[in-house]
Amino acid sequence: MSQQGYVATPPYSQSQPGMGLSPPHYGHYGDPSHAPSPPGMVKPAGPLGATNPGAVLPPGAPPPGPHQFGQNGAHASGQPPQRFPGPPPVNNVAPSYAPYQPSTQPSYLPPEATSSVTHLGTQLSAMQINNYASGMTPPSQGSPGPLSATSFQGPPRPPQPSILQPGSQVLPPPPTVLNGPGAPPLPPTAHRQEGLPGPVPLSAQYQPPPPPGQTLGAGYPPQQANYGPQMAGAQLSYLGGFPTGPSQMAGPPQPQKKLDPDSIPSPIQVIEDDRATRGGQVYTTNIRGQVPPIVTTDCVIQDQGNASPRYIRCTTYCFPCTSDMAKQAQIPLAAVIKPFATIPSNETPLYLVNHGENGPVRCNRCKAYMCPFMQFIEGGRKYQCGFCNCINDVPPFYFQHLDHIGRRLDHYEKPELSLGSYEYVATLDYCRKNKPPNPPAFIFMIDVSYSNIKNGLVKLICEELKTVLEKLPKEEQEETSAIRVGFITYNKVLHFFNVKSNLAQPQMMVVTDVGEVFVPLLDGFLVNYQESQSVIHNLLDQIPEMFADSNENETVFAPVIQAGMEALKAAECPGKLFIFHSSLPTADAPGKLKNRDDKKLVNTDKEKLLFQPQTNVYESLAKDCVSHGCSVALFLFPSQYVDVASLGVVPQLTGGTIYKYNHFQMHLDSQQFLKDLRNDIEKKIGFDAIMRVRTSTGFRATDFFGAIFMNNTTDVEMAAMDCDKAVTVEFKHDDKLSEDTGALIQCAVLYTTIGGQRRLRIHNLGLKCSSQLAELYKSCETDALINFFAKSAFKAVLHQPLKVIREILVNQTAHILACYRKNCAGPSAVSQLILPESMKVFPLYMNCLLKNCVLLSRPEISTDERAYQRQLVMAMGVADSQLFFYPQLLPIHTLDVKNTELPAAVRCSESRLSEEGIFLLANGLNMFLWLGVSSPPELIQAIFNVPSFAHVNTDMTLLPEVGSPHSQQLRMTMNLLQQKRPYSMKLTIVKQREQSEMVFRQFLVEDKGLYGGSSYMDFLCCVHKEICQLLN
């Protein structure tokens, strides 16, 4: 391995006087310790080398002027932005998060060093991209001369006169005022503030030796140094030249060429390439730290000692050995865990291990469960724990001899020794009050206020319940479900129903004291559906008529949850409340809410209040629900503001789900609602769950994100957890990790099954560790990274200004890529943006997150919708967050009616649409069918059964059953997209150039947002500028 490192600017060994550098804290928002440093305070120089006092902007990437990047442009006044945690913040970012000027603290510069301003168009057109496959070296070039633009189709231009001759090993000098940016400077318009140069923090000194496998990027002549082949990765270069003397300015500038959007990394290409190489194959989990196929690739997973990626995905499968290395790279170390993930029928379900009264074998010290990471010694009489290294005696009942390689003779007969995931039957020690749990109960709670009766919703719910109660979930070997059911209706008061099987008619009991809710009956409230079927059907027929003349419009909400929880508590069983609610609870009762929807708070520091609950009643109620195993599923039917931020607290903290149907109309929305209800009742679920994540020595779990409640720092409590819910866990070092032993993770979930059995579900995963940064980058998973960043940002939304959160995300993106560029990529022109192969589309996905309505308000998106999306994302797994932030866009006009597979997707950009085309877009919540104005009439006839584009009715939410091959193929495609998704996607028909197209356009995430938010191309420029500033 070559020990010669390439550094973009010579590293200065000591910090310059008066420079304020602080180590970044990644993933953490709102740490009080991040006030601005006092002027003149000296902190250790950052690892990228302190800034040279005379330095100006990086070559090739002058900052955009204030007129670029969205509404408010770059930092408007001369005030330096305040210092916040994380990498140095970008400037006062407009809703479209403009890139910042290099000053992050008062900086004193020589007067002549003013930053030049170039139009974004100039930057873009001067951007050149090379994408190398693994191991390929870039074509050698002479160094580009003055702003020469390369045409992508034609032959390369002859090399310009170069300062560095081929073979020379001289590195370019650090940029100075003389060397200036590569582009000819325009008249200065945006002046940096006088003062010391801004700091460039990235903590912990970078190690210069490059990892094996590197070359020079395009833009430098080949050098004689012994660099290996280029690390795989995308390279984007601005042809602004690299820093050389003033001679660089010689010659007239060449005409600009427009950058081809196809030349920047494409997510569609990444997805298709992974499918081509790994789709349909068997992926075995026997190798520690191997990177699984990405979430969009279908394959068969075979557990051979590590948990399937369906259960656990990581942001990187190779952890850095030291915390310094982790701080340097700033890649968050996290796992997205989905303990109850659905397993396809062609994969083996989890084995159940039953040790009878002995219970699971566990380490005496750290309490980790027996798993493949335990090492048996002394002839099988003892074992060493893989997590804490404690030597334990093997219990007599569990003893077995070892073979010639020290493995137990029954290794392959015991799931807990040979598999990554399995279940244990839990003993009474793991049960509440040391007695077996009762089977869970479902309680259906219907809002019978005036509007719900009038629009037919109450009748629809009652009719549907007759069907879904037939399909209550049950244990596979059981004939009928063990789940008991109960019914409550409410408006300002609560009505409990006695549906005991021996009654001829159901009986109603009214509770008017909503301040102190009690359960008026125990016997007959929770019943077995099969036994009480006729009484229940009788009740469901009567409810709509019973309240037909009600004029009551006010409702309560907190007392409804309280009543359900008290009923479960009295019955001593866990369970789930299904609440069907439609308005702001304004009746006088605990949890009463007022309308506080205030658009004036948007884009101010008080915007975070819109995401916080109005009252703490719901948080304390959620805490009680969790302690009694009561989960809440909330079906909302709002016609105006209902304060989702407050009403959603209990579903969010109890492992429940919120479903929202705005302006519910029976003929348009009933199918979507009924599908969601059926799916929620039938899905795989565990009740009264506690999850603990254990790790081997050297690192530990520090932060948890999800639909969870935490009473302490280690136990994740969930009243219920279903197959769609994921918990994202962040890890931090507390010591060094060893390359030999790796990093081990064990997730254990204690829960009650549908049948009332207490079980432990165990998932184990071994990761590699390395002291080479290149290994860390090679093992990253972009989709899991975005899941982590989305959840940590959406959690921070409650406490921090959105602008600060967006700045931190942009900064961390630049830091991660700058560290790769500096330590893992071969030498190349500063004008190149080099991306790791595993993170080619990371900037794109990050930009999609930044443009999401939670982080960037838009006038047509309601406060409730933003709170709703925030809560959904907090519980998402990797596959769901991937589709949510980068929707799937499929051309329908090219469908092959003989092929049963999905058509190839196209990129989410308006440039991919065509007037003659029909396109289907899905993001997991919404589905749009976009019709071009010149759509072929025969295709319109085949799908809609009308003669032309003009005749298509855009109000429909279900396609007509036409029976033509095209219609059947489109319906099958929509069904395939809907499969495996937790929410039923409502279809919207969109015609080109009509008003409804505005909503559809927000999902074309590669384009510039209508209300702020950069295009993909602009964001790449912004990130590249930041990287150049960090490297100089």
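We start with a pair of helices and then move on to aromatic rings.

A quick note before you click: this is a predicted model, where local features need pLDDT of at least 70, side-chain atom pairs count only at pLDDT 80 or more, and totals for chains, interfaces and linings use all residues. Residues are numbered from 1 along each chain as its sequence is written, and side-chain values use heavy atoms, leaving out hydrogens and water.

Now show the contact residues (heavy atoms within 4.5 Å): among them are Leu785, Ile786 and Phe789 of α14, and Tyr845 and Met846 of α16.

**Stop two: a ring pair.** Pick phenylalanine 699 and phenylalanine 731, an edge-to-face aromatic pair at 5.5 Å centre to centre, with 65 degrees between the planes (ring centres pair within 6.5 Å, and planes over 60 degrees apart are edge-to-face). Phenylalanine 699 and phenylalanine 731 are both buried, meaning under 20% relative accessible area.

**Stop three: another pair.** Go to phenylalanine 928 and phenylalanine 1000, edge-to-face at 5.8 Å and 70 degrees. Phenylalanine 928 is buried at 4%, and phenylalanine 1000 is buried at 0%.

**Last stop: a cluster.** Select Phe580, Phe635, Phe637, Tyr659, Tyr661, Phe664, Phe673 and Tyr983, which form one aromatic cluster.

Methods:
Helix = DSSP H or I, 4+ residues; strand = E, 2+ residues; numbered from the N terminus. Phe/Tyr/Trp six-rings, centres within 6.5 Å; stacked < 30°, edge-to-face > 60°. Buried < 20%, exposed > 50% of the residue type's maximum accessible area, 1.4 Å probe, protein only.
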